[in-house]
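Hello,

Here is the structure I promised to pass on. Please open it first; my notes follow below.

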Amino acid sequence: MLASIMNRPSYGDGAPIAAIATPLAESALSVVRAGGPGSVALAAKAFSRPEVLAAAPASSAVHGWLVGPGGERIDEVVAVVFRAPRSFTGEDTVEFMCHGGVATAKAALRALVGAGFREALPGEFSFRSFVNGKMDLTRAESIMELVGAKTDEARTRAVGRLAGALEREINEAKDLLVRALTATEILLDYSEDDGVGEDEAGILPDREAVEAAAVRLEALAAGYRVERLYRDGATVAVAGRPNAGKSSLFNRLVKEERSIVSDVPGTTRDWIEAWISIEGIPVRLVDTAGLRHADDPVERVGVERSRAMLDGADLTLYVVDGTTGLHPEDAAFLARHRKEALLPVWNKIDAGAFAPAEGFVGVSAETGDGVGELAAAIARSIAGPKTEAAGDSARGAGIASERQKGLVDRAIAAVGEALRRTDAGLALDLVAPELREAVDALGEITGEVSTEDILENMFGRFCVGK
Ligand SMILES: Nc1nc2c(ncn2[C@@H]2O[C@H](COP(=O)(O)OP(=O)(O)OP(=O)(O)O)[C@@H](O)[C@H]2O)c(=O)[nH]1
Ligand SMILES: [Mg+2]
């Protein structure tokens, strides 16, 4: 292969590898990981008590110093030793608990490279864990999800997948299809032997199993939008005319005086954003400049930027000043904006001049009245109503990556085609390949069926050291 000719490290080369597993920043501890066949003996070369480390039993800790090639002390550490197959990767591994800090972690890694480890590629430890049968691909993907989880709800869903809930769901759907495929192939063999011919056309053995699998796969595909929402979050913009109380509402939702509030219309010029959690959904909340025709050139740029922001937002909270009531410009905006991405808010209900108009959520950014209801309305708008299927995915049995979604769609298309061909009275030897295609697509989700480039592409997006 070209990769090995050029001597470029590759995921499959099985070399001893090392990486810094914690962020390069000031911290109490840094973890530097070293793994691969023979890695305990190799790591001992960079350790002050080489014999003790080399002989350390499985799952034990050894205290000592990491040392450079001339024996110079680099850091006082605790080395945790794992022996194959009882480690994350299934290979021998040593994890060095170093003192935190950028220079220390880098020096520790240099010492290990000096002893013969090569620097790990992104996700290479997880890759080995998969290759060594420690986990399937849905679990591997959940690890990066966990690393990136922005809210507790997102974390809970990822943990469910890490515990194998999605793997089980996929395997159950696949088993249903395998059952039907096996019955179909037996029938095909039988008809070849006995020359039964086309008698079985239009009758799919175990059709109920195929239909049950289709229902489960459809539910997985339908739940993906919500899974993606918990993973990536949604952009919610606060918009309205100057002085409506947008920045006050923004601060109320962020629970911090982040945006400047004043009674001067046109206070907010450039948009300001903050991440918040609304019922566990990560929300990027954006405060924008009051929408009006502005003569001031700086304010005008702010208004233009706000409008562009609103076009891209998943939801716009359009704030109307309840002390002055609905202005013709408010009505014009509400009539024009995408309905499904609009949540009208009637602010300053504490001042009580006008009652909220029909279809508005009444709030007071000043006192906090109605803000709980507003949060619930935001969650409903972006996630849709809570359903029973949503309960399944909340347990971590939902699909959570583009890769998984693409493969579920492929399986759905193949199952649909198998049923259509059966209904059209086509012979079973034209139906079986479609079932096979669906089974393969599902096998690819868990990694039962995989190719090297798919794997490198996937694990290449992981953190180094993971
Ligand atoms: N009584 C009352 N006053 C409010 C409320 N919310 C905001 N205000 C007041 O309304 C004025 C404008 O508030 P801001 O939050 O700066 O309004 P804005 O929509 O961000 O204004 P621009 O940034 O200029 O577009 C301030 O004097 C706030 O104190 C509310 O719920 N009740
Ligand atoms: Mg403002």
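How many residues of strand β7 (residues 234-240) are buried? Seven of the seven, so β7 is largely enclosed by the rest of the structure. Buried means under 20% relative accessible area, exposed over 50%, and partly exposed in between (1.4 Å probe, protein chains only). Helices (H or I, at least four residues) and strands (E, at least two) are DSSP runs, numbered from the N terminus.

Some ground rules. This is a predicted model: local features need pLDDT of at least 70, side-chain atom pairs count only at pLDDT 80 or more, and totals for chains, interfaces and linings use all residues. Residues are numbered from 1 along each chain as its sequence is written, chains are lettered from A and ligands numbered from 1 in the order in which they are written, and side-chain values use heavy atoms, leaving out hydrogens and water.

The sheet

β7 belongs to an open sheet of six strands, in the order β8-β9-β7-β10-β11-β12, with mixed pairing. Its edge strands are β8 (272-278) and β12 (361-362), each pairing on one side only. Two strands pair if DSSP finds at least two bridges between them.

From β7, A234, V236, V238 and G240 point one way. T235, A237 and A239 point the other way. β7 pairs in the parallel sense with β9 (residues 281-287) over five bridges. There, A237 has V286 as its bridge partner. β7 and β10 are also parallel, over five bridges, and V238 stands opposite L317 in β10. Further along, β10 (residues 315-321) and β11 (residues 342-347) pair in the parallel sense over six bridges.

Ligand 1

Ligand 1 is surrounded by 22 residues (a heavy atom within 4 Å). The closest are K246, S248, G266, T267 and D350. Polar contacts here are pairs of N or O atoms within 3.5 Å. The K246 side chain has an N or O atom 2.7 Å from a ligand oxygen. The D350 side chain has one 2.8 Å from a ligand nitrogen. A polar side-chain atom of S364 lies 3.3 Å from a ligand oxygen. Helix α10 (residues 246-254) gives the largest share of the shell, three residues.

R403

R403 sits in helix α15 (residues 402-423). At 17% relative accessibility, R403 is buried. Its side chain makes a polar contact with the side chain of E141, at 2.9 Å; within protein, one atom must be able to donate a hydrogen and the other to accept it, and residues adjacent in sequence count only if both atoms are side-chain atoms.

Best wishes
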